[in-house]
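I opened this entry to record what I looked up, one item at a time. The sequence and structure come next.

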Amino acid sequence: MDVTDQTFQADVLERSATVPVVVDLWAPWCGPCTTLGPLLEKAVADTGGAVELVKVNVDENPRIAEAFQVQSIPAVFAIRNGQVVDQFIGALPEAQVSAFVQRLAPAPSEADNLVAAGDEASLRRALELEPDHQVATEALARLLIDRGEAAEALALLARLPETETGRALAAEARLLEAGVDVSTSDLEEIEAKLDGLLDKVRDDDDARQEFVDLLEAMGAGNPRTNEYRRALAARLF
């Protein structure tokens, strides 16, 4: 992303407490900058989210350039926990750029490697090693739902903070417990169920939960989802 003098604190310094951030200081007139930029983008993308990249146009954001005491560009800084931990000036060859970024990426844990295997035994072992491993939890929940074991999937998902993927999986699991298999239901069937539940949502907690779960199954991108959300709000308020 592009950051500015105004967003640097949140997008770089605060964000670097969670994930290492590479800061690329550049300008449109800088030829080496245009060569280096794509190399940095590729190297960061290859970390799969373990490292993030931000770009700063020094012409438009002089305060950031001043803070880094930049005398020439491109200038690249690696930030972790709000501190500069590595840096270089000028356009480096691709191999050196990749090595710079890889030094920031944490090595995969044993649990990460097990998750990559993807089978149930590996996922369960990953959770023995790291009970709060979000990706392992969601992957195992997906396997359980696919074979109809909704209760265990819900118990797994309840152990961790909610994510967008986890919320969708939990909705699918609850629907399965209610006898609704969204994997085999088409949109018309889901809409018919929503229409049937609409008059019950005010006084029936189970009906209201099923209605919300069906909306989750429809997805935010479906234009009917917002229509049904408004209909739900009208019944409740």
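Is Cys33 buried or exposed? I noted first that this is a predicted model. Cys33 has a relative accessible area of 5%, so Cys33 is buried.

**Disulfide.** I then looked for the partner of Cys33. A disulfide joins Cys33 to Cys30, with S to S at 2.3 Å. The structure holds 1 disulfide. Next I took the handedness. The torsion about the S-S bond of Cys30 and Cys33 is about 80°, so the disulfide is right-handed.

**Strand β1.** I went on to β1 (21–26). Of its 6 residues, 5 are buried, so I logged β1 as mostly covered. I looked up its pairing with β2, residues 52–57. The two strands run parallel and are joined by 6 bridges. Val21 stands opposite Glu52 in β2.

**Helix α4.** I asked which residues of α4 are buried. In this helix, residues 94–102, they are Val97, Phe100 and Val101. Seen down the axis of α4, the buried residues fall within an arc of 95°, so they line one face of the helix. I recalled the general rule here. An α-helix has 3.6 residues a turn, so residues three or four places apart point the same way. Then I looked up what covers the buried residues of α4. The cover includes the strands β1, β3 (75–80) and β4 (83–89). It also includes α2 (31–45).

**Loops around β3.** I checked the loop between α3 (62–67) and β3, where Pro74 lies. A cis peptide bond joins Ile73 and Pro74, with omega about 0°. Gln69 has its place in the loop between α3 and β3 too. Phi of Gln69 is near 55°, a positive value in a residue other than glycine. Gln69 has a relative accessible area of 65%, so I put it down as exposed.

I moved on to the loop between β3 and β4, which holds Asn81. Asn81 is not a glycine, yet its phi is positive, at about 50°. Its relative accessibility is 53%, and Asn81 counts as exposed because the cut-off is over 50%.

**Thr137.** I looked up Thr137 in helix α7, residues 134–146. Its relative accessibility is 1%, so Thr137 counts as buried. What does Thr137 touch, not counting residues up to four places away in sequence? I listed Leu127, Pro131, Leu156, Leu157 and Leu160.

**Helix α12.** My last stop was α12, residues 223–236. The helix has 14 residues and reaches 21 Å from its first C-alpha to its last. That is close to the 20 Å expected at 1.5 Å a residue. I found Thr225, Tyr228, Ala231 and Leu232 buried in α12. They cover an arc of only 125° around the axis, which puts them on the same side of α12. What covers them includes α10 (187–197) and α11 (205–218). I also checked the face of α12 turned away from the buried side. That face carries the exposed residues Pro223, Arg230 and Ala234. Finally, I looked at the start of α12. There, a side-chain oxygen of Asn222 reaches to within 2.8 Å of the backbone nitrogen of Arg224.

Technical notes:
Residues numbered from 1 in each chain as written. Predicted model: local features only at pLDDT ≥ 70, side-chain atom pairs only at ≥ 80, totals over all residues. Heavy atoms only, no water. Buried < 20%, exposed > 50% of the residue type's maximum accessible area, 1.4 Å probe, protein only. Helix = DSSP H or I, 4+ residues; strand = E, 2+ residues; numbered from the N terminus. Arc of directions from axis to C-beta. Contact = heavy atoms within 4.5 Å. Expected span 1.5 Å × (residues − 1). Polar contact = N/O pair within 3.5 Å; in protein donor to acceptor, adjacent residues only side chain to side chain. Disulfide = S-S within 2.5 Å. Pairing = 2+ DSSP bridges.
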